[in-house]
Amino acid sequence: MQKSIERIAGDSEGVSYEFPVFRFEGLRFDGSDKAAPSAYLQAALHAGELPGVVAIDALMPMLEKAEAEGRITGDITVVPQANPIGRAQYHFGEHQGRFHLGTRTNFNRGFPLLAAPDVKLLPDTALGTADQRLKTRLLQLSLGHDIVLDLHCDDEGLAYLYVHTSLWPAMADCAAAMGVDAVILWDEDTDGTFEGASITPYLNVPAVVARFDRRVATTVEYRGILDVDGALAGADAEGLYRLLVARGVILDQALSMSGSFTGPNSFTGPNSFTGIVAPLENIDMMPAPRAGAVLYDVKPGDRVAKGALLATIVHAPGEAGGRTQVLAPQAGVILTRRSRRIIRAGEDLLKLVGDRKSADARSGTLED
Ligand SMILES: [Zn+2]
């Protein structure tokens, strides 16, 4: 394993940012191993989202053991903390890791959407504001890897993946290996998420280049912002490791899976994904009808019927008619809810994965 330090110059004199990159080189002692897929993992692009950071911390000893035993066949690049700019942002004592304070741009938007998987198409890494240069560099580091995992978390939620429709159901083995609860399928990204920038270059190139049978690109939502927990980190690290074994990046006979890459459909039966799979258009975000205090009647994982009480907004405490109920517009499963209980009118209360298309279906990314 090799560690290197990336440096991103700040936008003003005397400021610069650093983050470490860890690389494990796949064995290439004979021609056949050149076919092993490579993997790129990053966490905390939204700098305050730490479940993925501690999962990587738990994964690293497993990778080092595999390396010591000569079982890593594909190159692995790991960026445990992808956003030192967001990490440093405090606003009146509160951490702000989602938007760059200098430009008000979400750190997971505005990535260049390339027409082909060619780093030469990327902007110059010396151009733009610090957050733009960080994005260009992260894409430069990740582009060309067969497997790209971007580890995030939601407010409060189940463990779930965003997956482009071109990679489903080929990625069902990955969802099963990781043990996530749900997969949300999307097909439009005009905002330039990291995941979008990771899959878009492959959408209009010949199949022999795109190789969707072995490609993985996903935003991993490791539950909620407070789910930074040793046991969960260990379980998530095992899930990531299983994915790397399932896709042939690491050899591990003990996992009773194929020791070499034989295609995603080789893992069926007990390994097939049994969680929720739904298109993005099925998600109801439930904007709050009033401002106030939120009393939730549901939590992530709950199955609800159409018309079920989801939440009560207390907008005029102590007054007659001071409460407004929010009802489920359709049957489905609660995927996430807010971690705070203070809400403005129009802010989204939760994500309900409906059984059908939402009447309020949103295209592109669900949130700012
Ligand atoms: Zn995030």
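I count two strands as paired if DSSP finds at least two bridges between them. Helices (H or I, at least four residues) and strands (E, at least two) are DSSP runs, numbered from the N terminus.

**Ground rules.** The model is predicted: local features need pLDDT of at least 70, side-chain atom pairs count only at pLDDT 80 or more, and totals for chains, interfaces and linings use all residues. Residues are numbered from 1 along each chain as its sequence is written, and side-chain values use heavy atoms, with hydrogens and water left out.

**Sheet.** I looked up the strand order and found an open sheet of nine strands, β1-β2-β4-β3-β9-β13-β11-β12-β14, with mixed pairing. β1 (2-9) and β14 (276-279) are the edges; each has a single partner strand, so one side of each lacks a neighbour in the sheet. I noted that neighbouring strands are turned by 20° against each other on average, direction ignored. Axes here are lines fitted to C-alpha atoms, for helices over the stretch in contact, and angles run from 0 to 180 degrees between N-to-C directions.

β12 (residues 182-186) and β14 run parallel and are joined by four bridges. Ala182 has Ile276 as its bridge partner in β14.

**Helix α3.** I found α3 (residues 130-142) packed on the sheet, touching β1, β2 (16-24), β3 (39-43) and β9 (147-154); contact means heavy atoms within 4.5 Å. The direction of α3 makes about 150° with that of β1. From first C-alpha to last, the 13 residues of α3 reach 18 Å, close to the 18 Å expected at 1.5 Å a residue (1.5 Å times one less than the number of residues). Ten of the 13 residues are buried, among them Arg133, Leu134 and Leu138. Buried is under 20% relative accessible area, exposed over 50%, partly exposed in between (1.4 Å probe, protein chains only). Gly144, with a positive phi near 100°, follows α3.

**Zinc site.** I listed the protein donors of the zinc ion: His46 (ND1), Glu49 (OE), Glu49 (OE) and His152 (ND1), at 2.0 to 2.6 Å. Donors are N, O and S atoms within 2.8 Å of the metal (3.2 Å for Na, K and Ca); water is not among the atoms, so sites may look incomplete. The donor residues are spaced H-x2-E-x102-H in sequence. Glu49 lies in the loop between β3 and α1 (51-68) and His152 in β9, so the pair ties together parts 103 residues apart in sequence. I checked burial for both: Glu49 is buried at 8% relative accessible area, and His152 is buried at 2%.
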